[in-house]
Amino acid sequence: MQTIGFIGVGNMGGAIARGLISKNIISPNNLIMSGGSGPRTAKLQAEIGGNLLSNIEVAKHADILFIGVKPVIMPALLAEIKETLAARPNTLIVTMAVSLTIDWYEEQLSSTIKLIRTMPNTPVAVGAGMTSIIPNGNISPNELTSVQAFFNALGKTVVIEERLMDTASALAGSSPALVDIFIEALADGAVAKGLPRAQAYEMAVQTIIGSAKLMQTTQLHPGELKDQVCSPGGTTIEAVKTLEKHNFRYAVIDAIGQCVDKAKK
């Protein structure tokens, strides 16, 4: 079996590793990782298994190498493992860093590297993720299919043009935080009217899951689904009117736009 390596097992790298193990996509015996000496890495290993190695050792032995470090750390990391990767030209590198382009990676390493740029989101840890994927010109169709299979086992994937990655990463990569804020606000509103907090969170979460599933299953426009709930002169349309009064839609649109602009910087 192929050896799967992770350099960087923080929120995103850890979520992917955890998801692949929990879905039995890979075995702990085929998992190697490097994430520093902090308690987070040790805790992840205790949870899912695998072997902790140095960055260079992970790069030396991984057939598919997931790199999940922050963009500011990436130049130093690539300088550290460059010679190791040069000796293993068939290593398939899967990067998850925001904003760093394929051209940038090829300048840092080599124009011959096999690279797939991805932007997953944290729900991959529970098999409900959304991952944007961009292969460079050295990736074969079979290699692309192989990496997509990993991420499809953890949710859904879409292969996009690189010029759209900042927008895709804002929509799928960052928006779980916006959804979390919305869930918290829904629950807070119910708690303010007397509902116990535990029940408020349970109801808000299930409503979000159910609403998304309904749209996914029916393929109806969200506006049509909204209209189905809004009875003339009823309570729901009053809630919708209140959100419109406070520019809810504009706030969300602007938030995504600001996120994309920040990624471009």
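1. Two strands are taken to pair if DSSP finds at least two bridges between them, and strands (E, at least two residues) and helices (H or I, at least four) are DSSP runs numbered from the N terminus. On that basis, the bridge partner of Phe66 in β5 is Val94, and β4 and β5 pair in the parallel sense over four bridges.

2. A note on the basis of the values: this is a predicted model, in which local features need pLDDT of at least 70 and side-chain atom pairs count only at pLDDT 80 or more, while totals for chains, interfaces and linings use all residues. Residues are numbered from 1 along each chain as its sequence is written, and side-chain values use heavy atoms, with hydrogens and water left out.

3. Eight strands make up an open sheet of mixed pairing, in the order β3-β2-β1-β4-β5-β6-β7-β8. Because β3 (51-52) and β8 (155-159) each have a single partner strand, they stand at the edges, and one side of each is left without a neighbour in the sheet.

4. Helix α4 (residues 74-86) lies across β1, β4 and β5 and runs at about 165° to β4; axes here are lines fitted to C-alpha atoms, for helices over the stretch in contact, and angles run from 0 to 180 degrees between N-to-C directions. Helix α7 also packs on the sheet, touching β6 (114-119) and β7 (129-135), and its direction makes about 45° with that of β6.

5. The structure holds five aromatic pairs, where rings of Phe, Tyr and Trp (its six-membered ring) pair if their centres lie within 6.5 Å, and planes under 30 degrees apart count as stacked, over 60 as edge-to-face and the rest as tilted. Phe6 and Phe66 are stacked, at 4.7 Å centre to centre with 10° between the planes, and this pair links strand β1 to strand β4 across 60 residues. Both Phe6 and Phe66 are buried, that is, under 20% relative accessible area, with exposed meaning over 50% and partly exposed in between (1.4 Å probe, protein chains only).

6. Phe182 and Phe248 form a tilted pair, 5.9 Å centre to centre with 40° between the planes. Phe182 is partly exposed at 31% relative accessible area, and Phe248 is partly exposed at 33%.

Terms used:
Contact = heavy atoms within 4.5 Å.
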